[in-house]
Amino acid sequence: MIEIKDVNKVFYQGNKAINALSDINLTIEQGSIFGVIGSSGAGKSTLIRCVNLLERPTTGEVLLDGVDLTKLSDQELTNTRRKIGMIFQHFNLLSSRTVFNNVALPLELAGVSKSEIKTKVEDLLALVGLAEKRDVYPANLSGGQKQRVAIARALASDPKVLLCDEATSALDPATTISILELLRKINKELNLTILLITHEMAVVKGICQEVAIIGGGKLVENGLVGDIFAHPKTELARDFIRSTLDLSIPADYQERLHSTRVENSYPLIRLEFTGASVDAPVISHVAREFNIDISILSSNMDYVGGVKFGLMLAEFIGPDACAEKAIEYLKQQKIELEVLGYVI
Amino acid sequence: MSFNAVVTWWAENTRLIELLVSSLWETLIMVFTSGFIGFVVGIPLGVLLHLSKKNGLLESTSLNKILGVVVNIGRSIPFIILLVALIPVTRFIVGSSIGTAAAIVPLTIGAIPFIARLVEGALLEVPAGLVEAAQAMGAKPLQIIKKVLLPEALPGIINAATITLVTLVGYSAMAGTVGGGGLGDVGIRYGYQRFDATVMMITIVILVILVQLIQSLGDYLVKRVDHR
């Protein structure tokens, strides 16, 4: 279990103090997968580096199974860090070592015997599916394979916790999914606590049970993934979720968009579905009921923790009065609507 | 100069050829001994320069400043002046200020700061993320140096060795001024002072071949160890 208590981190740029983290409190249960999501510069990287003290918090405590890491001696900290694995956005594999020797490095550092290293490393390479790549240098691996090696390396010293610093941000979507599957697998098989930071909604949705949203160095909101996405309590959390879903109006539509209704124009509407919205097939229902045609321009809907949410851009094509009624009806279903303008 | 002329010249100048062979040997001794000692001292110095930097592994601004100033002083003295200025030191270490052994002292002292800066540069090429990853694994500073920094910087360090040895070949020519001998000395005495262009040309050709060999060997080794 990781407990982060009242952690503050201040950086100095010349004489100017920058609060990278302000009063962060988090508890991460043993065996859970916890995501911290935020945009760049929000303090995510600083936060995850405070957990293994790559960055020392200015004030506050970081507890691993009840032991405050900030109070450990250098020697004790070194030993404790062996129980906290870490993987990185840019993998950070040693280019001078083969796959095998990269995974062996933490064991060498801990003074494990050669024969033990051999069995352990071969097991780990089998676990991450890279047994046949053992004598290859990292330069000859794909991004996904490099991250697998990094995961094997992080697991070499049997850690209780795995820290993932934007571990999938340099990978393509398909590879991201396979790495997340691997993380889920090791989480289950080894009862490993995983703390990951990311700016990708898909990652959090994909594997996290709990999520914390961080913005401007402050913890904005945290809780179960479904709850946070479906019922964001704070404006910042909402903005963030919206920004990850953001739909922009295509340029040629933008040109044809008028702020007032003119002859032969139809309203362009943004619909926002949240956890509060009535869970029913509303679009087809509205089309039938109010005798309008709905042309969906773009849509980004998601399903997390039993809740549908997302954004949609659509044209309501039909007589004025019908479209008005339809909008009224949708509002009653707790769907948030905004008429962006009228398209000719 | 036809081929026959070269052969005749060769047969008539056995003494000169012996001289060239022995001076090539002297050059090699000077270059490789000073290069070797230079690296033994220069690598740790370069590592220390790198580690003591701001945000370095063993950050120490004062140590970094002191080392930086010392290295810069060493780097800023023209070698020919260093050679003369170090005569008392040379005499203290070797017991004489004349001869090949005596020339090794200023060559080594000239090489150390040069190597230190090159090694520092090579270490700078190692991504900071690797050090961070090693720290996260629970590596101690000495382990990070031995298992991460130096192996990762090895191509750069070999490259630095090549540059240093080539530079030392050039410096060793100046060692003639303290009676250090070597090919450069032969070239100056015969070519410049006696207007014997042939001997000068021969020394130049040998030096060119020597430098080519050092460079090719260095490039080959870099290629062997570089897996980036």
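Mentor: A salt bridge here is a side-chain nitrogen of Lys or Arg within 4 Å of a carboxyl oxygen of Asp or Glu. By that rule, two salt bridges cross the interface of chain B and chain A. The model is a predicted one. One of the bridges joins the side chains of B:Glu132 and A:Arg49, with 2.7 Å from N to O. Polar contacts between chain B and chain A number eight residue pairs, counted with both residues at pLDDT 80 or more. On the side of chain B that touches chain A, helix H7 (128-136) and helix H8 (141-174) each supply at least two residues. H7(B) gives the most to this side, with six residues. By class, the side of chain B that touches chain A has seven nonpolar, five polar and five charged residues.

As for extent, 17 residues of chain B are in contact with 23 residues of chain A. About 1,900 Å² is buried between chain B and chain A, and 59% of this area is on carbon and sulfur atoms. Within chain B, the most area is lost to chain A by B:Met137, B:Lys147 and B:His227, which together account for 34% of what that side buries.

Chain B itself has ten helices and zero strands. The C-alpha trace of chain B spans about 70 × 40 × 25 Å along its principal axes.

The whole structure has three cavities of 30 Å³ or more. The volume of the largest cavity is about 110 Å³. It has 14 lining residues, and those closest to its centre are A:Gly85, A:Met86, A:Ala154, B:Ala136 and B:Met137. Strand S6 (84-87) and helix H5 (143-155) of chain A, together with H7 of chain B, each give two or more residues to this lining. The lining of the largest cavity divides into nine nonpolar, two polar and three charged residues.

The largest pocket has a volume of about 1,100 Å³. Of its 33 lining residues, B:Asn55, B:Gly56, B:Leu57, B:Val131 and B:Gln135 are the closest to its centre. At least two lining residues each come from helix H2 (74-81) of chain A and from helix H2 (14-51), helix H6 (100-124), H7 and H8 of chain B. The lining of the largest pocket consists of 16 nonpolar, seven polar and ten charged residues.

The second largest pocket holds about 270 Å³ of space. It is lined by 15 residues, of which A:Leu93, A:Ser95, B:Pro127, B:Glu152 and B:Arg228 are the closest to its centre. Seven nonpolar, four polar and four charged residues make up the lining of the second largest pocket.

The second largest cavity, with about 50 Å³ of space, is lined by residues of chain A, including A:Cys164, A:Glu166, A:Leu180 and A:Val203. Helix H6 (173-190) and strand S8 (193-198) of chain A give two or more residues each to this lining. S8(A) has the largest share, three residues.

Terms used
Residues are numbered from 1 along each chain as its sequence is written. Chains are lettered from A and ligands numbered from 1 in the order in which they are written. Side-chain values use heavy atoms; hydrogens and water are left out. Contact means heavy atoms within 4.5 Å. Buried area is the accessible area (1.4 Å probe) that two parts lose on being put together, summed over both. A polar contact is a pair of N or O atoms within 3.5 Å; within protein, one must be able to donate a hydrogen and the other to accept it, and residues adjacent in sequence count only if both atoms are side-chain atoms. Helices (H or I, at least four residues) and strands (E, at least two) are DSSP runs, numbered from the N terminus. Ala, Val, Leu, Ile, Met, Phe, Trp, Tyr, Cys and Pro count as nonpolar, Asp, Glu, Lys and Arg as charged, and the others, Gly among them, as polar. On a 1 Å grid over the protein atoms alone, a cavity is a set of points where a 1.4 Å probe fits but cannot get out, and a pocket is an open set with protein on both sides within 12 Å along at least five of seven lines; lining residues have an atom within 4 Å of a point. Grid points are joined across faces, edges and corners, and a volume is the space filled by probe spheres set on the points.
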